[in-house]
Amino acid sequence: MLRAVARAWSWRRQLESGAATTIHDIAAVENVTDRFIGRMIRLAYLSPDVLEELVIARRPSSITINDLTEPPRVF
């Protein structure tokens, strides 16, 4: 989980700094699909409270990466 969050933050910084202009650029460098980058980069936008629990407190959680990266459901 921590590795995924760190990668997402790295990609976010690349986009914000201009080192990469699109997620397609990042996907090409990482040798993954742009869809994967788009899904995983959501981890870089988690609320501070969630990040604190995952990264700082390192408390075990039943939440998976898939839970955090799935698009919200619209009913």
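Which residue's side chain meets that of Arg7 in a salt bridge? The partner is Glu30, at an N to O distance of 3.3 Å; a salt bridge here is a side-chain nitrogen of Lys or Arg within 4 Å of a carboxyl oxygen of Asp or Glu. The model is predicted: local features need pLDDT of at least 70, side-chain atom pairs count only at pLDDT 80 or more, and totals for chains, interfaces and linings use all residues. Residues are numbered from 1 along each chain as its sequence is written, and side-chain values use heavy atoms, with hydrogens and water left out.

**Overall architecture**

- The chain contains 5 helices and 0 strands, where helices (H or I, at least four residues) and strands (E, at least two) are DSSP runs numbered from the N terminus.
- Read from the N terminus, the order of elements is α-α-α-α-α.
- Of the 75 residues, 24% count as buried; buried means under 20% relative accessible area, exposed means over 50%, and partly exposed lies in between (1.4 Å probe, protein chains only).
- Among contacts between residues at least 6 apart in sequence, 63% join residues at least 24 apart, a contact being heavy atoms within 4.5 Å.

**Nonpolar core**

- The largest nonpolar core has 16 residues; such a core is a set of buried Ala, Val, Leu, Ile, Met, Phe, Trp, Tyr and Cys residues joined through side-chain atoms within 4.5 Å.
- Helices α1, α2 (23-30), α3 (34-40) and α4 (48-56) each supply at least two residues of this core, and α1 gives the most, with 4 residues.
- The residues with the most contacts inside the core are Trp11, Ile26, Ile37, Met40, Leu43, Leu46 and Leu68.
- Leu46, one of these residues, is in contact with Leu51, Leu54 and Leu68 when its neighbours within four places in sequence are left aside.

**Salt bridges**

- A search of the whole structure finds 2 salt bridges.
- Arg12 and Glu16 are separated by about one helical turn, because they are 4 residues apart in helix α1.
- Arg12 counts as buried because its relative accessibility is 17%, whereas Glu16 is exposed, with a relative accessible area of 56%.
- With neighbours within four places in sequence left aside, Arg12 is in contact with Ile41, Ala44 and Tyr45.
- In general, side chains of opposite charge can pair when their charged atoms come close.

- Asn31 follows α2 and has a positive phi, near 60°.
- Most residues other than glycine have a negative phi.
- Asn31 is placed in the loop between α2 and α3 and is exposed, with a relative accessible area of 71%.
- Val32 is found in the loop between α2 and α3 and counts as partly exposed, at 29% relative accessibility.
- Apart from neighbours within four places in sequence, Val32 is in contact with Ala27 and Ile37.

**Nonpolar surface patch**

- Leu2, Val55 and Ile56 make a nonpolar surface patch of about 250 Å²; patches are made of residues with over 30% relative accessible area and no salt bridge, like charges being joined within 9 Å and nonpolar side chains (Val, Leu, Ile, Met, Phe, Trp, Tyr) within 5 Å.
- Leu2 lies in helix α1 (residues 2-17) and counts as partly exposed, at 32% relative accessibility.

Terms used:
Accessible areas come from the Shrake-Rupley method with a 1.4 Å probe; for residues, only the protein chains shown count as cover.
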